[in-house]
Amino acid sequence: MMSRSAYHAGSWYSEQGPRLNKELTQWLDEVPPTTVDGVPIPVPGARAIIAPHAGYSYSGPAAAFAYKSINPDFVKRVFILGPSHHVRFSQCALSQCPQYETPLGNLILDTEIIEELKQTGHFEIMSQDIDEEEHSIEMHLPYTYKILESKIDSIKIVPVLVGSLTADKEMFYGKLFAPYLADPSNLFIISSDFCHWGHRFSYTYYSASPDSDGIYLSRRSDTSLTTPIYKSIENLDRKGMDIIEKINHKEFTSYLAKTKNTICGRHPIGVLLCAINALPNHNNNKNDSVVDESQQPKIRFIHYAQSSHVKHEGDSSVSYASAYVYLPQK
């Protein structure tokens, strides 16, 4: 089987290795040494991230916040869970390629783990065309190579294309991936942009405040807008981010059903939430006063950005949010 080519290089990001390396270095260097709440970067105990997958001119700087959170010392294997944008299917899918090309160098797939997952009978196999045309995984490959370049010869990756899963299937795959997430030598990358707003995305949800009911704006809406549209979008995204930080899969599913927020990686995020909830050390009883919070998993968003500030009904934007996932050592 052939290697997967860097299909989107030259359009979504630079196909020139030295130039791409310089851009990634610059964006990573621009990340502050601590989060806004004083947590040092890299984040001790960070074992997974949520990061965007748009063209690097839009989302590259935002993704750097997630990748800078990672301490590469512990990483031996990288699972990359990305949503399917072009093909609709109801399971998860695996690659049949032995390696993925990037302008920085090739990444080797962990064929043993892929075969192990395949043997469960719950994974489809991507064709070469589907594998290459999907960008949600590819956009994380250069960053993965960059942060692990000091040990890249020993790194293997497990790309997983996540289909249109029901809530029950997100729970199923979460339980399936939980043992891999529990392994401290594994890093999980969850690929997702946040709100895609505008008529070209068929989504124009607007709410004047986080607690008020939303409406959908038309191109010639005569609605009096008391809050800028871009702020309404941010409020919508941050409400979802707050729910994700609570690691509450049921509430996240309800939020998506109510708002229809166009978070393209909602299914990979759902699988992540369910995987965390399936970990043996995760205490779901938030009312238990004896719970040691330092020994509980946590998700924290550390950066949020929009491709542009929507001010008029005819404008559009995509939102980018970066988070780390802390898992305590046992």
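I start with a term: a polar contact is a pair of N or O atoms within 3.5 Å, and within protein one must be able to donate a hydrogen and the other to accept it. The model is predicted.

**Entry 1: S207.** I looked up where S207 sits. I found S207 in the loop between strand 10 and strand 11 (215–216). Is S207 buried or exposed? S207 is buried, because its relative accessible area is 8% and the cut-off for buried is under 20%. I then checked its polar contacts. The side chain of S207 reaches the backbone oxygen of S209 at 2.6 Å. The side chains of S207 and S212 are joined by a polar contact of 2.8 Å. I also listed the contacts of S207, leaving aside neighbours within four places in sequence: S212, D213, G214 and S232.

**Entry 2: backbone.** Most residues other than glycine have a negative phi, and most peptide bonds are trans. Then I looked for departures.

- The peptide bond from I41 to P42 is cis, with omega near 0°. P42 lies in the loop between helix 1 (17–29) and strand 1 (46–51).
- S202 has a positive phi, near 55°. I placed S202 in the loop between strand 9 (196–197) and strand 10 (205–206). S202 has 68% relative accessibility, so it counts as exposed.
- I247 has a positive phi, near 55°. I247 is in the loop between helix 7 (229–245) and helix 8 (249–259). I247 is buried, with a relative accessible area of 5%.

**Entry 3: the core.** I followed I247 to one of its contacts, I299. Leaving aside neighbours within four places in sequence, I299 also touches others, including I244, L272, L273 and V325. Which residues have the most contacts inside the largest nonpolar core? They are Y67, L117, F177 and I299, in a core of 103 residues. I wrote a general remark beside this. In soluble globular proteins, nonpolar side chains tend to be buried together.

**Entry 4: strand 7.** I finished with strand 7 (residues 156–162). Six of its seven residues are buried. Which strands pair with strand 7? I recorded these.

- Strand 2 (residues 77–83) pairs with strand 7 in the parallel sense over seven bridges. P83 stands opposite V162.
- Strand 3 (residues 92–94) pairs with strand 7 in the antiparallel sense over three bridges. C92 has V162 as its bridge partner.
- Strand 5 (residues 107–109) runs parallel to strand 7, joined by two bridges. I108 has K156 as its bridge partner.

Terms used: Residues numbered from 1 in each chain as written. Predicted model: local features only at pLDDT ≥ 70, side-chain atom pairs only at ≥ 80, totals over all residues. Heavy atoms only, no water. Helix = DSSP H or I, 4+ residues; strand = E, 2+ residues; numbered from the N terminus. Buried < 20%, exposed > 50% of the residue type's maximum accessible area, 1.4 Å probe, protein only. Contact = heavy atoms within 4.5 Å. Core = buried A, V, L, I, M, F, W, Y, C linked by side-chain atoms within 4.5 Å. Pairing = 2+ DSSP bridges.
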